[in-house]
Amino acid sequence: MWTLKALAERFSLEFQGQPETTITGIGTLANAAEGQLAFLANSKYSAQLAGTAASVVVLSADDAENCPCACLISPNPYVSFAQITQLFEDDDSLEAGIHSSADIAKDAIVHASARIGAFVTIASGSVIEEDAHIHAHCHIGPNCHVGAGCNLLPRVTLVKRVRLGRRVRIHSGAVLGADGFGLAMHQGQWLKVAQLGGVRIGDDCEIGANTTIDRGAIEDTELENDVRLDNQIQIGHNVRIGAHTAIAGCVAVAGSTRIGRYCLIGGAAGIVGHIEIADKVVVGAMSLVTHSLREPGEYASGTPILGKAEWRKNAARFKQLDNLARQVNTLKKSQD
Amino acid sequence: MWTLKALAERFSLEFQGQPETTITGIGTLANAAEGQLAFLANSKYSAQLAGTAASVVVLSADDAENCPCACLISPNPYVSFAQITQLFEDDDSLEAGIHSSADIAKDAIVHASARIGAFVTIASGSVIEEDAHIHAHCHIGPNCHVGAGCNLLPRVTLVKRVRLGRRVRIHSGAVLGADGFGLAMHQGQWLKVAQLGGVRIGDDCEIGANTTIDRGAIEDTELENDVRLDNQIQIGHNVRIGAHTAIAGCVAVAGSTRIGRYCLIGGAAGIVGHIEIADKVVVGAMSLVTHSLREPGEYASGTPILGKAEWRKNAARFKQLDNLARQVNTLKKSQD
Amino acid sequence: MWTLKALAERFSLEFQGQPETTITGIGTLANAAEGQLAFLANSKYSAQLAGTAASVVVLSADDAENCPCACLISPNPYVSFAQITQLFEDDDSLEAGIHSSADIAKDAIVHASARIGAFVTIASGSVIEEDAHIHAHCHIGPNCHVGAGCNLLPRVTLVKRVRLGRRVRIHSGAVLGADGFGLAMHQGQWLKVAQLGGVRIGDDCEIGANTTIDRGAIEDTELENDVRLDNQIQIGHNVRIGAHTAIAGCVAVAGSTRIGRYCLIGGAAGIVGHIEIADKVVVGAMSLVTHSLREPGEYASGTPILGKAEWRKNAARFKQLDNLARQVNTLKKSQD
């Protein structure tokens with residue numbers, strides 16, 4: 001439980017209203033109840049402000065005069081809101097120590113302050129640094145390194161040679177360090193290219209549920225600091241992703257591609273292998289990137305969603321598009 | 001083992017043939033052997049009826065006269081077939097009781113009739129209702145509720161604050177209740193928005209293997225009753241899905257979108273965030289829904305599959321499409 | 001550690017340079033250090049040869065004369081490289097025997113030479129053949145068969161009735177044998193079609209991390225020998241995939257489709273149900289295959305990636321494409 005004044009002081013915000021107003025939880029502007037704090041960061045929702053039942057709203061100076069209740073005034077209400085939410089999350093820490101059921105190799109090194117949950121396995125040659133939390137059912141394979149303050153939620157798998165920086169957060173079902181997909185065709189059969197590299201993850205990265213990051217063929221697959229991956233993403237071997245890039249769910253990135261810093265990749269987009277994407281590139285949802293994008297900016301592919309009959313009619317014409325363009329050229333010439 | 005007569009009585013169907021015909025298993029019309037029951041529900045397969053070696057066929061009254069063997073006559077043969085298949089599935093129940101290896105928090109409440117498999121973890125504050133089956137390797141995080149008759153196949157993860165209705169069936173590798181993907185950019189770094197909501201799943205829902213459903217940012221992510229999700233689907237935070245909607249594999253639904261009741265979403269489709277889809281909308285495979293769809297009906301996007309040379313030629317013209325349309329307009333005007 | 005001469009003899013290759021040159025690891029042409037072996041298989045990288053610091057390069061006879069260091073000469077350098085890499089992978093074998101924590105049904109049969117890791121569960125009626133390795137956290141459900149020499153990496157789930165051939169390699173998080181997605185609508189509710197088939201996987205297949213393969217409705221879902229699946233692929237019930245076909249990450253294949261032999265399916269492609277794809281078909285990344293492809297060759301769908309403004313302009317015209325084509329026809333007629 002926090003007071004308005006305490007929050008204002010903690011995050012250096014101005015406020016309006018009774019300093020001792022208490023805040024017991026978080027709500028949406030539309031549905032918050034008394035005692036809850038809401039936020040207004042998008043003018044699309046301004047109309048909801050007048051009717052809110054929240055006790056406190058985080059908002060901009062411009063919106064403060066229309067606020068029917070106490071408020072916290074922020075130059076960036078969404079950032080302030082994000083900071084405040086973190087005070088209200090349940091503590092999901094593991095209990096201190098190593099769970100009695102965990103299976104830890106004799107030569108693995110686990111810092112005394114690390115916490116290890118039930119049925120965790122830690123293989124030979126691996127190191128768990130201070131304050132790292134490894135929740136139930138996680139598997140840390142051979143020669144992995146889990147940096148200080150990392151949080152591996154239940155059922156994370158580090159297959160082998162995975163090196164995590166500090167404060168990396170990995171969600172359930174993620175698999176890092178599986179074999180990259182390397183094959184050579186030999187006498188009518190596939191021959192496996194052994195995947196001798198590893199995975200390196202920078203500080204403050206977050207990896208979503210059921211996301212997979214393969215280890216490199218020779219050198220490492222690499223995420224720089226503060227890369228944020230949503231769920232069900234596939235990162236092929238030897239991909240490199242620049243710092244502060246965020247990738248939405250279900251994106252597929254094929255092998256050896258380099259993605260720059262501060263990129264935003266939309267959900268379910270695809271990026272082919274062996275290309276380079278510049279810093280600050282924004283790729284639209286479900287777009288397929290088939291070649292290097294060397295300039296920052298927004299990119300997209302695909303066609304609009306249409307009623308099926310309309311779609312079918314137009315899609316059939318796509319097959320004739322080259323022919324159509326040639327006809328138009330002919331018409332133009334004959335007109336000249 | 002069932003007799004023709006017993007099946008007819010159980011499902012209130014008429015039949016032709018010897019009442020004591022025995023049925024020991026299920027087969028396809030084309031490949032069934034003696035003793036097996038097959039079905040004919042699609043006229044595309046009518047030609048296979050004459051040659052079937054099945055002992056019994058489930059079919060419509062119209063097809064009964066052409067049936068070379070015993071048959072069960074149904075107004076909806078596929079529905080009757082579905083009902084019958086359930087009699088032939090192996091019983092994959094867990095053994096009664098709680099496996100000795102399970103790790104259950106002291107304050108978790110597990111009904112005496114619930115069954116808990118090997119290496120299951122159940123965290124503090126969670127409740128398992130009567131006749132729920134939690135198979136091996138499942139993880140039930142803090143403050144979850146598993147309703148009566150639920151069946152969690154091996155290796156399901158409920159991260160936190162997940163509430164399942166009754167008779168929910170969840171397949172291996174699914175992750176419910178992981179953090180939604182909420183980030184604010186602050187001084188060049190991503191700042192996490194704590195995800196304070198949960199996940200609520202209605203009665204009779206089914207969740208496929210390796211599907212992920214994130215918990216809400218403030219309010220809950222929600223599936224109403226009888227929602228059916230196939231494998232590898234990603235449901236973002238605060239999505240709401242109406243009753244009886246079915247979603248095929250690999251679909252991605254971004255945050256805060258609402259999908260209506262009785263919708264059918266085709267495989268690998270994408271649905272962007274913060275939009276609304278009406279009841280009874282059908283979305284084609286791999287379509288991207290970029291805006292609200294307010295009318296029931298079928299929708300699609302994309303282009304036809306073509307031979308690569310033909311595709312390349314036409315796809316190149318897509319880049320000139322606006323220009324082409326302008327040229328046609330000019331030609332029309334000059335002709336007038 | 002290997003000598004140049006030993007590698008040449010093992011793989012029947014010619015070599016240039018000191019026979020006793022020692023090779024302690026593998027590197028890329030660009031970044032290899034002394035003691036490392038690199039390869040040159042793609043003329044795109046020929047320019048890197050002159051400056052390489054590798055001690056040995058695997059290359060073609062044509063490139064040998066330009067090699068600044070020792071080399072191994074191969075008619076197919078990539079194949080030879082693949083073979084050599086396998087000598088340098090860490091041995092990630094399990095320890096011999098059955099881990100004391102494993103939970104194995106009394107009637108399961110585990111060959112004396114098989115190795116079983118921590119927290120593995122093996123259910124009733126299942127068989128593990130000789131030299132199979134089942135790593136930590138794997139779950140082998142009822143009535144499964146794991147062939148000789150299989151390697152199940154940590155956390156693989158075989159749900160039920162899954163039969164693996166010999167030397168099958170399955171990566172972490174994969175789920176084989178979950179229920180196919182079979183539903184019948186009955187009185188406004190979904191009714192489940194029990195999935196009575198299994199999954200059959202041929203010899204030498206590889207299944208990627210978090211890939212899912214559903215078991216069949218009546219007959220089995222089947223992969224023939226030497227099929228290679230990357231990560232996060234979804235294979236629907238009753239799909240059949242021909243020998244030596246390779247499928248890249250995030251592909252979705254809907255139920256009852258047959259894919260031929262020696263096909264290559266690009267990443268994130270979709271293939272609808274109940275169709276047939278011939279042998280030696282190549283499908284481009286993110287293409288959607290909506291009908292049978294009866295001829296070998298390359299296929300693709302989709303539109304090029306464009307800057308967003310340019311994309312928006314052209315995509316809007318896609319909606320008018322049929323109309324545009326009609327206008328061109330009218331113009332042509334009026335011109336004649």
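**Chain B against chain C**

I started with the area buried between chain B and chain C, which comes to about 6100 Å², with carbon and sulfur atoms giving 62% of it. Buried area here is the accessible area (1.4 Å probe) that two parts lose on being put together, summed over both. I noted that this is a predicted model, where local features need pLDDT of at least 70 and side-chain atom pairs count only at pLDDT 80 or more, while totals for chains, interfaces and linings use all residues. For bookkeeping, residues are numbered from 1 along each chain as its sequence is written, chains are lettered from A and ligands numbered from 1 in the order in which they are written, and side-chain values use heavy atoms, with hydrogens and water left out.

The contact (heavy atoms within 4.5 Å) takes 70 residues from chain B and 77 residues from chain C.

Next I went for the charges. I get eight salt bridges across the interface of chain B and chain C, a salt bridge being a side-chain nitrogen of Lys or Arg within 4 Å of a carboxyl oxygen of Asp or Glu. One I looked up joins Asp90(B) to Arg161(C), at 2.9 Å from N to O.

I also get 36 residue pairs in polar contact between chain B and chain C, both residues at pLDDT 80 or more. A polar contact is a pair of N or O atoms within 3.5 Å; within protein, one must be able to donate a hydrogen and the other to accept it, and residues adjacent in sequence count only if both atoms are side-chain atoms.

On the side of chain B that touches chain C, α3 (77-88), β39 (306-307), α4 and α5 are among the elements giving two or more residues. The largest share, 10 residues, comes from α5(B). Helices (H or I, at least four residues) and strands (E, at least two) are DSSP runs, numbered from the N terminus.

I then checked strands across this interface. β39(B) runs antiparallel to β38 (residues 297-300) of chain C, with two bridges joining them; strands pair if DSSP finds at least two bridges between them. Gly307(B) stands opposite Tyr299(C).

**Chain B against chain A**

Here I find 77 residues from chain B and 71 residues from chain A in the contact. The buried area is about 6100 Å², 61% of it from carbon and sulfur atoms. I count eight salt bridges, among them Lys308(A) with Glu298(B), whose closest N and O atoms are 3.4 Å apart. β39 (residues 306-307) of chain A pairs with β38(B) in the antiparallel sense over two bridges, and Gly307(A) has Tyr299(B) as its bridge partner.

**Symmetry**

How is chain B superposed on chain C? I get a rotation of 120° with 0.0 Å of shift along its axis, RMSD 0.0 Å, fitted by least squares on the C-alpha atoms of residues with pLDDT of at least 70 in both copies. That is the relation of a three-fold axis. Gly302(B) comes closest to the axis of all residues of chain B, at 3.5 Å (C-alpha).

**Inside chain C**

Last, I traced an open sheet of 10 strands in chain C, with parallel pairing. Its edge strands are β8 (103-104) and β37 (288-289), each pairing on one side only. Within chain C, β20 (residues 175-178) and β25 (residues 212-214) pair over three bridges, with Leu176(C) partnered by Ile213(C).
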